[in-house]
Amino acid sequence: MSSHQGSGNDTPVERVSQLVEHHARGEKPRDQWKIGTEHEKFAFSRALDPLAYEGSIADSKAPGIKQVLEAFRDQFGWHEQIDQGQLIALLSEEGSIALEPGGQVELSGQARATIHETRVELDRHVDELRALTRTLGVRWMWVGAQPVHQPA
């Protein structure tokens, strides 16, 4: 095994116990444990083509990811995050919705005390997705990797 690059510690890892000790030092007490939601999905047109960043909802053309993010902002009160002039993410008290490098849209929820709280958060997000499906015609595939199309 090799040392962890950039950790400031160049001691080679020679035993599993060293890894266990490293992680144990970072543990929080059980009463501070939290759980969070990460829900990744790919957006597709009605014809099941992946959405480009910019699309059009006019003339029955598929919306783009930008229009999907704008709909989250306009319909559900999310706040936009702009990077180099482009809408790339949304923020709210619930967490964030971000465009990932592979074209997927990800909900990153807040750290919650129980899985029941994450369920409420995820249910709310899925309700928002259903509304966007109805208004924009977007279809969703809830997987972590695009199984058919190239990232471009």
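**Figure 1. A89 is a buried residue, with a relative accessible area of 5%.** The model shown is predicted. A89 counts as buried because its relative accessible area falls under the 20% cut-off. The residue sits in strand β3, which spans residues 86–92.

**Figure 2. Surroundings of A89 beyond its sequence neighbours.** Leaving aside residues up to four places away in sequence, A89 touches L69, H79, E80, Q81, I97 and A98. R73 lies 16 residues from A89 in sequence, and the C-alpha atoms of these two residues are 9.8 Å apart.

**Figure 3. The aromatic pair of F72 and F76.** One aromatic pair is found in a search of the whole structure. The ring centres of F72 and F76 are 6.1 Å apart and the ring planes meet at 55°, so the pair is classed as tilted. Both residues belong to helix α2 (residues 65–76), where a spacing of four residues separates them by about one helical turn. F72 is buried, at 0% relative accessibility, whereas F76 is partly exposed, at 29%.

**Figure 4. The chain that holds these sites has three helices and six strands.** Along the sequence, the elements follow the pattern α-β-α-β-β-β-β-α-β. The chain has 152 residues, of which 30% count as buried. Among contacts with a separation of 6 or more, 50% come from residues 24 or more positions apart. The chain exposes about 10200 Å², and carbon and sulfur atoms supply 51% of that area.

Notes. Residues are numbered from 1 along each chain as its sequence is written. This is a predicted model: local features need pLDDT of at least 70, side-chain atom pairs count only at pLDDT 80 or more; totals for chains, interfaces and linings use all residues. Side-chain values use heavy atoms; hydrogens and water are left out. Helices (H or I, at least four residues) and strands (E, at least two) are DSSP runs, numbered from the N terminus. Buried means under 20% relative accessible area, exposed over 50%, partly exposed in between (1.4 Å probe, protein chains only). Contact means heavy atoms within 4.5 Å. Rings of Phe, Tyr and Trp (its six-membered ring) pair if their centres lie within 6.5 Å; planes under 30 degrees apart count as stacked, over 60 as edge-to-face and the rest as tilted. Accessible areas come from the Shrake-Rupley method with a 1.4 Å probe; for residues, only the protein chains shown count as cover.
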